[in-house]
Protein chains: 2
Amino acid sequence: MDLFYILLVLLVVTRAFGELAERLSQPALVGELIAGIALGAAAAGFPSTFPALNGLPDNEVFVTITDLGMFFLMLFAGVEMQPEKVFERSAASLTVAIGGMLVPLGLGAALGWAFLPESPLRLTQCLFIGVALAITAVPATVRILTDLGQLDSPVGQIIVSAAVFDDILSLVLLAWLTGMMGNGEAPGLAEFALLSGKVALFLVLTAAIGIFVFPWGGRVMHNLRIHELEISAMLTGGFAFSLIAEALGLHFIVGAFLAGLYFGRGTIDEETYERIRNTLSAVTFGFLAPIFFASIGFQVEFSVFVAVPWFLSLLLLSAFAGKLLGAGGAARACGFAANESAAIGVGMSPRGAVELVIAGIALEAGLFATDAGGNLIVANLFSAVVMISVLTTVISPMILKWVFARS
Amino acid sequence: MDLFYILLVLLVVTRAFGELAERLSQPALVGELIAGIALGAAAAGFPSTFPALNGLPDNEVFVTITDLGMFFLMLFAGVEMQPEKVFERSAASLTVAIGGMLVPLGLGAALGWAFLPESPLRLTQCLFIGVALAITAVPATVRILTDLGQLDSPVGQIIVSAAVFDDILSLVLLAWLTGMMGNGEAPGLAEFALLSGKVALFLVLTAAIGIFVFPWGGRVMHNLRIHELEISAMLTGGFAFSLIAEALGLHFIVGAFLAGLYFGRGTIDEETYERIRNTLSAVTFGFLAPIFFASIGFQVEFSVFVAVPWFLSLLLLSAFAGKLLGAGGAARACGFAANESAAIGVGMSPRGAVELVIAGIALEAGLFATDAGGNLIVANLFSAVVMISVLTTVISPMILKWVFARS
């Protein structure tokens, strides 16, 4: 891969589109996603003019850079948030997460049941659509809230922590689904219990390290002499938590977020905290995140609009309705005002990269590999889910900005 | 590649060895190189215990991360130095660079002539040894001077700018050598003129952009609204200059350094300058540079000590003597004091990663692919040059620290 060329083109184009978005009173993220869609379309339409852009989403080096982008974004989110407040509101977050998970899950599965043809995989495919609508992309959410200056507000805290819960629950559901795909039977309870046990182990283990080991490490650091030690320590914690998450079957973003959350203000003094926060912010928003969001836009295939327009429209409608009713309704029940509840519902709607990860796992597991018998919806299910992930991520920040401006 | 695992292991081990080095009153860089040597030896000795470390130097993702390490190190060096002072001393730098280039070039070629057997490639091989001794690894030099707090001192400025000149000259010589390797004839003057023209074009082009476009960009930036714009602009300049350098046959480190130098204090206000400097320092010294220096240690093959001990010892001696006499002598002639001249000679001695790049180019061009006829020196020439690059980089900072402490 022609590294510097790719980085130069992506950085200049995403930042220019981001500036354009801001001038049109939209969050920069919207511009970055559209930059990715435009570059992807240019690469597909004129492959000989832009040879370096061809096949970029499958390039191992490029995937590493976008993975680092997701990692830094989640680490930043953790560092930026105040753990006391996040845990103080954990009952409300959990309620919002469960509401914001069950309603879209049901809507998605029902939609699948109405449209998908009979096949041995039908039940699994329906549940997959449900899971695809149930997730919330934490990295996208973090970015949108940062763009709008709401990351550490009460509403922002509920959105991010509920989104983290949601992703954990969705990943468990997905692992359960793919695990039982081979035999086409109804999911087994024993496997579900095992997966839940792994999640519990992950939460306990990271809490133990975060509460006992991190502050001890912070005290030890004062006696060490090497230069720029704090950022090394921060990254070490992030890499370690990411590995623990992956070892226990979760996505690394969950680990990176918790590492940032525990490390943030408990381990280091205020001045060091500011330095680390500034460094993470510069590297994330000035370098890696724009490239990461452009890579999401790359995945769009416009043919799906022509192939299954009705199914796609209903899927998009369910994606927003599910989160508004489920997460927004739960927030309202927890005592949030109507406009705050609406913001929470919309804020949980972007599916971003996490959707792509989940769709990728399902694709690899062979969920779309049935003989579709010419059925257009099954043939386009993967592309439709990818399109939903991009569309929800582009549309949510626009609505959210409007909701926040009204309140 | 198991990304987070590799990054975690390398970061923890290099920083621990760096701390150990500081406790033994050595620069952290020495510890990081030794960490790399230890990890490389562990991976080679126990391949089944450390499967993830096997073949790391050839892994495309790992090479990208170390390339980014070199890039950030050079960008930091450029940003940290004051361009006026660098250019003010450019006559002295150029004298030191030429002296520090010609003496090791002659010593290396003479050593080759004395030891290498008759073959069609003998002349080229001798000149290659000369070039290998003539170069100075700017990234290693920058790191050592930063560790010792001397990067922006008069001596530090001479070392870094002379090292940049040296690398440009060496890269031209190397391109000339490899260009004529095919026919085994004496190097042609026409090709040499073409290469020199490219270097002149590079210097003029980057100066024009740096002096006219960068300050204009700095004024435009004030009217833009996107977040973390400055670091994006800095990286854009760095990537662009790196690409220009590569397009004109130079190594990208030269471009990254000049981008940092021109961007640094001329384009942005003092507060932004401090923020960018802190970000680059944290990312470089707290994350990428330790991994990059460990990757140099990885390349060591201990068998060369047994195979050609005398040749290796003489090569190492010539590596230091050549720079001390050539660069140190030129500095003395330019009016530097004796201890300053000694520091300049030693400071120009580390060959670090640039040597590995040059050896790699020569290896690819087939310089060591002659039928050695059982000649041990030809068979071990590549490994010997790699060993010199690591040894000079480990030993120079130890001597330099002692020289600075005495003055």
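Chain A of this predicted model contains 17 helices and 0 strands, where helices (H or I, at least four residues) and strands (E, at least two) are DSSP runs numbered from the N terminus. Residues are numbered from 1 along each chain as its sequence is written, and chains are lettered from A in the order in which they are written. Because the model is predicted, local features need pLDDT of at least 70 and side-chain atom pairs count only at pLDDT 80 or more, whereas totals for chains, interfaces and linings use all residues.

Taken along the principal axes, the C-alpha atoms of chain A fill a box of roughly 70 × 55 × 45 Å. Of the 407 residues of chain A, 55% count as buried, that is, they have 20 or more other C-beta atoms within 10 Å of their own, with C-beta atoms placed from the backbone (exposed, 12 or fewer; partly exposed, in between). Among the contacts in chain A with a separation of 6 or more, 79% join residues 24 or more positions apart, a contact requiring C-beta atoms, placed from the backbone, within 7 Å.

The largest nonpolar core has 290 residues, and V131(A) and V131(B) have the most contacts inside it; such a core is a set of buried Ala, Val, Leu, Ile, Met, Phe, Trp, Tyr and Cys residues joined through C-beta atoms within 7 Å. Residues up to four places away in sequence being left aside, V131(A) touches L105(A), S170(A), L173(A), L174(A), L177(A) and I358(A).

E230(A), which lies in helix 10 (residues 229-247) of chain A, counts as buried because it has 20 C-beta neighbours inside 10 Å. With the same exclusion of residues up to four places away, E230(A) touches M221(A), I268(A), T272(A) and I276(A).

Between the two chains, 39 residues of chain B are in contact with 39 residues of chain A. Helix 1 (3-23), helix 3 (60-80), helix 10 (229-247) and helix 12 (270-297) of chain B each give two or more residues to the side that touches chain A, and the largest share, 11 residues, comes from helix 1 of chain B.
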